[in-house]
Amino acid sequence: MSGQAGLRRVAITGAGTINALGHDVPATLEAFREGRCGIGQLEFRDVERLTIQIGAQVRGYDPQAHFNRQQITLYDRFTQFTLLAAKEAVAQSGLSFQGELGLCSGVVLGTAGGGLNTWDENYRVVYEEGKNRVHPFVVPKLMNNAAASHVSMEFGLRGPAFSVSTACASANHAMGLAFQMIRAGAAKVMLTGGSEAMLVFGGVKAWEGLRVMSKDACRPFSANRNGMVQGEGAGVFVFEDWDHARARGAEILAEVVGFAMTADAADIVMPSAQGAERAIAGAMADARLAPETFGYINAHGTGTAANDKTECAAVAHAFGPHADRVMISSTKAMHGHVIGGTGAVELLACIMALRDGVIAPTIGYEEPDPECALDVVPNEAREAKVGAVLSNAFAFGGLNAVLALKRA
Amino acid sequence: MNERERIRQRITAIIAEQAMLDPSEVRMEMTPQDLGIDSLGLVESIFAIEEAFDVSVPFNANEPDKSEFDISSVGAIVAAVESLVEAKERA
């Protein structure tokens, strides 16, 4: 069955992830339910020279357990994360892309830094160690589209394949585009989401400069918040034409029903409530669903004063009287800010809300902030039946991307 | 020129450059807002101060007003840097 005005409906038929909370979706959802924190002392070379030494690192990860020598030579950490998440998602979907389907399927992925580990390692080689020769694969390893390209090769996706880079909104922009392409009939299946592996000396040092990082904890919406904490990882989903999914009897995890993107056109780092509000309202309008339909919002919720106050004001405006009834939580206090991949990891909390009726909490919440006077689901997960949800992402550069999902 | 005066002049010059003003136009009672310096400008000024005096300024851009480092006026910044420089020399 087609949707409004001849548009195709879009199903999510697979999900995959690796992040600080777990190396797959079940482990991550369990951590969401338990309100577990994945943030800890960072461990990598030269970490002692950093002022900020905490982050949500993927631990217990051994690349050699998943990839052979040749692959490791070609895959930056962000590509490895992407491929692992993509394999989990495709396995769940039960799809095979041989033949016709591969020709009308593609991949669009978000990342902000791309192969930052590769940049960092090789700058060190030439600048610090003074070597004049680098490994021949530095360029194919570090490029932002490396992950998308390897996913296309791994599964034989021969349709649209590209990467999107809009800082902290990258994954939401990518998933929004995947949704629009399938809805418009331009692709049957899109693998989509995002990935980031910025927890290296140069990556964290750069963030330190802005002085918005917390030295101790991520406490979104809490009056005593003092900044963001970075994470790493990937989230990948199978977005599929609804009729195609139904025809093959696939299990549908959720339906993607709306997407909107806006630009503040104001400031390179300070967010605007109007820009965010237009994206939130836009996604609801695109979904043709009224605010009362939405029971949960996965917030951008970085734990900086600038974001949290602006985001709460935007939600309050966009939702009007219903703002007091909608639940909003930031899972970043658990998995950290996964930058270009964050919206993808956070979409898992949206799917959990719709499918399992469990709302992931905002952990680390200690003191109410009158400027964030919404139901932020503090510290403990909550059982609640919701029919539709939103996922917010608001990037540096004033770029906002909001997705709307419905229970399948 | 004594140490105090030297610090004051360096900071005035840093702030004037950020505000795109002549140093003579920068007065001690002026706030960053008076000078048209926004949050990003403030972060950049703090960085320039750290580089100029080789000190580490405890400034959190997340909530500048709540930082340990007083940035309420040019005079307050000068006083705060003076104590950081003194602490560094004592160390």
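Strands here are DSSP runs of type E with at least two residues, helices are runs of H or I with at least four, both numbered from the N terminus, and two strands count as paired if DSSP finds at least two bridges between them. The model is a predicted one, in which local features need pLDDT of at least 70 and side-chain atom pairs count only at pLDDT 80 or more, while totals for chains, interfaces and linings use all residues. Residues are numbered from 1 along each chain as its sequence is written, and chains are lettered from A and ligands numbered from 1 in the order in which they are written.

Strand β6(A) also pairs with β4(A), residues 105-110, in the parallel sense through six bridges, and there S105(A) stands opposite V189(A). Eight of the eight residues of β6(A), residues 189-196, are buried, so this strand is largely enclosed by the rest of the structure; buried means that 20 or more other C-beta atoms, placed from the backbone, lie within 10 Å of a residue's own, whereas 12 or fewer means exposed and values in between partly exposed. In a regular strand the side chains alternate between the two faces of the sheet. In β6(A), V189(A), L191(A), G193(A) and S195(A) point one way, and M190(A), T192(A), G194(A) and E196(A) the other way.

Chain B, by comparison, has three helices and zero strands, and buried residues make up 27% of its 91 residues.
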